[in-house]
Amino acid sequence: MPVISVDNLRKSYNGTAAVDGISFSVERGEVFGLLGPNGAGKTTTVEIVEGLREADSGAVSVLDFDVRSQRRDLKERIGVQLQKNALYPNLTVRETLDLFAGFFRNSQPSIGIIERLGLSDKADSVVKTLSGGQAQRLSVGLALVNDPDLVFLDEPTTGLDPQARRGLWDVVEEMKRSGKTVLLTTHYMEEAERLCDRLVVVDHGKIIAEGSPRNLVDEHFKERAIEFEVRAELSADELGALPDVTRQQQQNGQMTLYSTNPHQTLRALLELGTQRGVELAEIHIRRATLEDVFLKLTGRRIRE
Amino acid sequence: MNAFIRLVLTHLRGFRRDRAAFFMLFFFPLAFVLMFGSFFGSERPRMPKYRVAIVNEDLLPGSLSFVAGLKQVPVFEAYDSRNKPYELTALKQGRLRAVIIIPKNFSAAVGRPGQRGSGLAKLEVHYDESHPQIWQTIQFALIALTQMTQGLNQRVPPRPAVALRARSVQRDFAAGERRPIDTFLPGLIAMSIMQLGLFSAVPIARERENGILKRIGATPLPRSTYLASQVTFRVIVALLQTGLLVAVAAVFFKVRFAGNPLALSGIVVLGAMTFMMAGAVIGSVVRTVEAAMPLVQLVNFPLMFLGGVFFPAELLPEWIRPFVSVLPTSHMADAIRDVCFGMATTASLAQDAAYLVGWLIAGMVLSVKLFRWE
């Protein structure tokens with residue numbers, strides 16, 4: 001029995017479809033991701049599942065509750081972190097957690113959560129003095145006050161610096177180790193690749209790909225990516241004709257060749273460069289990533 | 001219950017830790033009292049003359065010329081009386097400003113021109129304590145008189161012949177007319193409560209605008225609990241504010257609070273709840289602070305001007321009065337005024353309270369129905 005099952009969900013605002021027939025299911029104990037650019041419909045989907053929004057049509061069941069008729073019971077059992085980090089600025093970290101703990105029938109002591117979030121030395125500081133990363137961790141911590149089995153995290157690391165982001169990833173991985181089910185939305189590829197057991201890629205309110213991060217990449221790319229700076233001396237046609245190149249992408253001054261045999265392709269590329277007297281800077285080979293999958297499926301990068 | 005108490009504490013903490021909000025909330029009403037009080041407060045509406053009763057128990061030439069002198073003081077409207085207790089009661093009720101009692105041995109003590117008097121006369125002056133200038137005028141009149149009778153005669157060294165015994169009298173508030181500050185204070189309390197309540201729409205709208213309400217809405221907390229916590233918080237603030245206003249008016253302008261503090265607290269609590277609920281209704285329907293402000297003013301202004309806070313409702317045109325008499329503001333202001341002046345009766349309070357309760361229930365039903373987390 002899945003923890004969340006969403007079937008053919010639709011929601012439109014002023015005639016524009018924000019969610020356009022999304023279906024997925026989340027199993028107990030997994031970290032499930034909704035990956036997609038801003039405006040893809042991720043937040044709308046999550047907020048319908050949380051019971052904060054009404055869907056136009058489609059069926060949603062969460063922890064065997066009907067999100068329309070059993071909203072109170074559902075909210076009692078789930079943990080929610082909203083995309084917009086809104087807290088009372090004049091409360092301390094401890095007071096904030098205690099306040100929200102009071103809203104639930106069952107709650108766990110704030111001290112344990114403060115430790116897990118790494119906020120022990122900030123426990124009695126008021127929220128407005130916290131850094132962005134600390135406030136965001138507190139916001140995620142609020143999703144844990146009722147010790148829920150199911151946690152929703154809506155873009156938990158948006159706007160954070162890399163170090164703060166890794167700190168939050170540790171918190172999410174800790175949730176997973178303690179057996180919680182996590183539904184996560186993000187537009188960071190690295191985040192999805194690192195945290196998610198399974199994910200769906202969402203664009204324009206529709207699911208365009210589904211699977212584990214590894215499977216998604218393998219499914220779409222048997223190739224490796226060779227990346228280098230675009231040079232006028234080398235035409236796109238010539239590069240496309242290099243041995244074993246299956247596809248090519250040019251974006252933001254960067255050329256990416258996807259090759260089934262990177263060794264051969266690279267040698268031919270370097271020879272071509274020598275003939276033209278062009279020294280290719282910053283050249284490197286990497287595995288394909290979810291970013292490449294998204295690029296292949298939509299022709300766009302996920303963040304632009 | 002736990003959630004409710006924690007929310008009330010949260011509002012109180014936020015209020016206490018937000019110095020600007022804390023300051024403004026108390027600053028405005030205080031500034032009003034101090035300004036109004038120092039401009040008009042301690043003066044009575046302009047009177048042509050001070051009515052002064054003279055009870056002359058002596059009736060000999062010395063005292064008669066003294067009385068004649070008093071009657072010529074331009075600001076006095078002095079008259080003779082023989083009924084001392086009656087005049088003292090009238091003074092207490094504010095129908096006159098002073099009672100001067102001239103003792104039997106007055107003339108003998110003052111003496112005749114060129115002659116030293118004998119003994120010491122005790123002149124009693126009872127005067128309205130809010131008019132110390134009466135007391136001074138009487139002193140001057142007395143000095144003039146003694147100079148007339150004694151000072152002309154160089155051979156007789158001046159000596160005190162008359163001992164003045166001043167009795168300042170505190171007027172009964174329930175009777176006589178009041179100074180502007182006396183009537184102003186209850187109106188100010190009513191206005192403060194009304195605005196405190198109505199403007200609570202703004203913090204609610206702010207919490208919605210910055211997403212805190214949405215965050216709370218993602219928990220099982222009922223909307224009614226949140227609204228109740230906001231109301232309770234404001235009621236506490238309203239009580240503090242009222243206490244402060246009464247204290248400041250008493251210390252600076254000697255406004256006496258004649259009523260029952262418990263009755264005042266009761267009216268303040270009921271009024272604050274009623275207007276807070278009205279604020280919550282506005283706060284429930286708007287999404288942003290910018291939208292809340294004009295809507296609050298749209299309600300605030302008519303209530304302020306029609307509600308009898310600034311000027312009596314009797315000055316309004318006939319056709320609008322039935323409408324005005326239903327408004328919660330006039331009932332709250334009336335009830336507070338009655339309690340402050342010690343004129344409240346159980347019946348009058350019950351009637352005013354009934355109107356407030358009616359509005360309160362309407363506000364509760366409406367705000368719980370209209371309230372949205374987002």
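Analyst: One definition to begin: buried means under 20% relative accessible area, exposed over 50%, and partly exposed in between (1.4 Å probe, protein chains only). This is a predicted model, where local features need pLDDT of at least 70, side-chain atom pairs count only at pLDDT 80 or more, and totals for chains, interfaces and linings use all residues. Residues are numbered from 1 along each chain as its sequence is written, chains are lettered from A and ligands numbered from 1 in the order in which they are written, and side-chain values use heavy atoms, with hydrogens and water left out.

User: Is A:Cys196 buried or exposed?
Analyst: The relative accessible area of A:Cys196 is 7%. Buried means under 20%. A:Cys196 is therefore buried.

User: What is the area buried between chain A and chain B?
Analyst: The size of an interface is often given as the accessible area lost when the parts come together. Buried area here is the accessible area (1.4 Å probe) that two parts lose on being put together, summed over both. Carbon and sulfur atoms give 61% of it. The area is about 2300 Å².

User: How many residues does the contact take from chain B?
Analyst: Contact means heavy atoms within 4.5 Å. Chain A gives 26 residues. From chain B the contact takes 26 residues.

User: How many residue pairs are in polar contact across the interface of chain A and chain B?
Analyst: A polar contact is a pair of N or O atoms within 3.5 Å; within protein, one must be able to donate a hydrogen and the other to accept it, and residues adjacent in sequence count only if both atoms are side-chain atoms. Both residues must be at pLDDT 80 or more. The rule finds 12 residue pairs.

User: Which element gives the most to the side of chain A that touches chain B?
Analyst: Helices (H or I, at least four residues) and strands (E, at least two) are DSSP runs, numbered from the N terminus. The elements of chain A that give two or more residues to this side are α2 (71–77) and α3 (93–101). With 4 residues, the element that gives the most is α3(A).

User: Which residues join B:Lys214 in one salt-bridge network?
Analyst: A salt bridge is a side-chain nitrogen of Lys or Arg within 4 Å of a carboxyl oxygen of Asp or Glu. The count between chain A and chain B is 4 salt bridges. In one of them, B:Lys214 meets A:Glu47 at 2.6 Å, N to O. Through shared partners, B:Lys214 is joined with A:Glu47, A:Arg53 and B:Glu374.

User: Where do A:Asp124 and A:Arg94 lie?
Analyst: Their side chains meet in a salt bridge at 3.1 Å, N to O. A:Asp124 is exposed at 56% relative accessible area, while A:Arg94 is partly exposed at 28%. The pair ties together parts that are 30 residues apart in sequence, because A:Asp124 lies in the loop between α4 (110–117) and α5 (132–142) of chain A and A:Arg94 in helix α3 of chain A.

User: Which helix holds B:Asp334 and B:Arg337?
Analyst: The two form a salt bridge, with the closest N and O atoms 3.8 Å apart. They sit 3 residues apart, about one turn of the helix. That helix is α14 (residues 328–340) of chain B.

User: Which strand holds A:Arg10, the partner of A:Asp20?
Analyst: A:Asp20 and A:Arg10 form a salt bridge, their closest N and O atoms 2.8 Å apart. A:Asp20 is in strand β2 (residues 16–26) of chain A, 10 residues from its partner. A:Arg10 is in strand β1 (residues 4–13) of chain A.

User: Which residues is A:His220 in contact with, neighbours within four places in sequence left aside?
Analyst: A:His220 lies in helix α8 (residues 213–220) of chain A. At 16% relative accessible area, A:His220 is buried. Its contacts are A:Ala209, A:Val293, A:Lys296 and A:Leu297.
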